[in-house]
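Please read the following briefing alongside the sequence and the coordinates. The points are grouped by topic, beginning with the surface and then turning to the interface and to single residues.

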Amino acid sequence: MFKYISMHLKSQLEYKSSFILLSVSQILTFLTYCLTFYSLYERFGAVKKFSIYQVMICFSIVQFGESFSEALLRGFDKFSELIKSGKFDLLLIRPQNIYLQVIGSKMELSKITKSFFSILLLIYAIIKLKIYLNPINLLIVLLMLAGSCIIFASIFVLGAALCFKTVEGLEIVNIFVYGTRDFAQYPIGMYNRVIQIFFTYLIPMAIATYFPMLYITGQVTSIWYAVMPLLTLLTLIPSCIIFNCGVKSYKSCGG
Amino acid sequence: MRGYISYFKTVLLTNLQYKIAALAGLCTQFFWGFLQIFIYEAFYEGVGDNAPIVYGDLVDYVWLQQAFFALIYIRHRDDELANSIKNGQIAYELVRPYNLYFWWYIKCIAKKYASVALRFFPIIFTALLLPEPYNLSSPDSLVAFLLFLLALVLGSLVLTGIIVILQNIMFFTLEDKGINSVINTIAELLAGLILPIPLLPDVLKAIASALPFRLIGDLSFRIYSGNIPIKEATINILFQLLWICILVIVGYLLTKKSTKKLQIQGG
């Protein structure tokens, strides 16, 4: 795994100026997103009962999950390319775990810059909210970060699994990825009922961001909210089952 | 001139073939429309009145933006052009007895109109029929509507002018990711694509008003809903004409310069 990462890092750093510029544009995109909610808050004050720092927590957790998963799981995100070119056949004959190989086939490490900035923003929000970072709170924050990554990972794997059927990548998968990112970066509680249910039960991003956020900011006291990110692991199950089925019934189509 | 017109027709007709892609695009557009409206709804709740743009106008803004997305989107990827620079195909474009700048300009704008032609109607139609707070309302007045149409068309000319200039950068860098994506991000912000210009912080509003990006879509959408009154709209339309001239001249000269220096890559 680490060998793959260092390999990709080395190869991408060969194009230095391009890598730097891509990273800069990642940072810029990140800043424009921050600016969006900052401007809205500046104009409107608090939204429902959420302060801007609570938005920052949700926002940074989601952004971290999205950028980190996208950086490492680019192979799943661009899985249709593997199928179309026939390179997937090559992976199947190697005596190595297929997931690891797909991950290793492509990475987009300039996205990590965004993850890094997300962490900075998260720390800033935690300081501003005067949350005392005892080991338990720290653990919860780490769980939130991991949970967010896991949910995006599930979406990417599921999207890749669909490619076995469709060959061509589906735009609908992008809607899920970017939609989850852009919806869930605000506390889910500020939306209407339908959206809340969607992001709690269907794409359960709220359990990695919103509910534990309520706990660490002291708006709810039940510890149940804090351990919710663990449940994100469940989302991996259907994704992996479908992907495995896809691998089993895979017929090569490239040359 | 006839050559350019028939080229416009050819590209338009070719791109009208991508109906399934348009359908997928439609879903995306609806999704983003609702997403933005829900976010604004949460923010507008309770405040409403002292906002620089009223909620109803904002909803109109969002739907128009989604319907005419192709005419306002700056991130225009022409993989064909990028590849033709890398693999040397560009040589064929250079031997044609037409001016390369206008050739590209026409190609770009024809693609955009094809894409809009396939998408705008279902979005507008559905948005008009949606229940009360989420729907696209009718234009502020007949004059506003006509000015909206004019500003939208002129806006697409501004946009194409900008895109062709950005494409020229590819001649120097041979790749379209790095620098272009930095410029695009800034341009999107100043064009009101990320947040409508009235909602931006005052500093950015001032910067945006001095640059052409807001003339692409922001202007026409706000004319439609009456957020920009008729008189101000007319002045802004003159600005559009001015910027179209500037962009075309700059783009023309830049293309001339970059094609002179061009080395054909590959064979």
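**Nonpolar surface and chain contact**

Helix α15(A) provides the largest share of the nonpolar patch, namely four residues. The model is a predicted one, in which local features need pLDDT of at least 70 and side-chain atom pairs count only at pLDDT 80 or more.

**The patch on chain A**

- The nonpolar surface patch covers about 850 Å² and is built from A:I223, A:W224, A:V227, A:L230, A:L231, A:L233, A:L234, A:I237 and A:I241.
- Two or more residues of the nonpolar patch are given by each of α14 (224-227) and α15 (233-248) of chain A.
- One of the patch residues, A:L233, is located in helix α15 of chain A, and A:L233 counts as partly exposed because its relative accessibility is 45%, which falls between the 20% limit for buried and the 50% limit for exposed.

**The interface of chain B and chain A**

- Between them, chain B and chain A bury about 2,800 Å², of which 77% is on carbon and sulfur atoms.
- On the side of chain B that touches chain A, at least two residues each are supplied by α2 (19-44), α9 (178-190) and α10 (202-210) of chain B.
- The largest share of that side of chain B comes from α2(B), with 15 residues.
- In the contact as a whole, chain B takes part with 38 residues and chain A with 29 residues.

**A loop residue with positive phi**

- Although A:K130 is not a glycine, this residue has a positive phi of about 55°.
- A:K130 belongs to the loop between α8 (112-128) and α9 (135-166) of chain A, and A:K130 counts as exposed because its relative accessible area is 74%, where the limit for exposed is over 50%.

**A buried helix residue**

- A:T180 is placed in helix α10 (residues 171-184) of chain A, and A:T180 counts as buried because its relative accessibility is 1%, where the limit for buried is under 20%.
- Which residues are in contact with A:T180, leaving aside its neighbours within four places in sequence? They are A:V62, A:F152, A:I155, A:I175, A:Q185, A:F199, A:I203 and A:M205.

Terms used: Residues numbered from 1 in each chain as written. Chains lettered and ligands numbered in written order. Heavy atoms only, no water. Patch = residues over 30% accessible without salt bridge, like charges linked within 9 Å, V, L, I, M, F, W, Y side chains within 5 Å. Areas by Shrake-Rupley, 256 points an atom, 1.4 Å probe, with all protein chains shown as cover. Salt bridge = Lys/Arg side-chain N within 4 Å of Asp/Glu carboxyl O. Buried < 20%, exposed > 50% of the residue type's maximum accessible area, 1.4 Å probe, protein only. Contact = heavy atoms within 4.5 Å. Buried area = accessible area lost by both parts, 1.4 Å probe.
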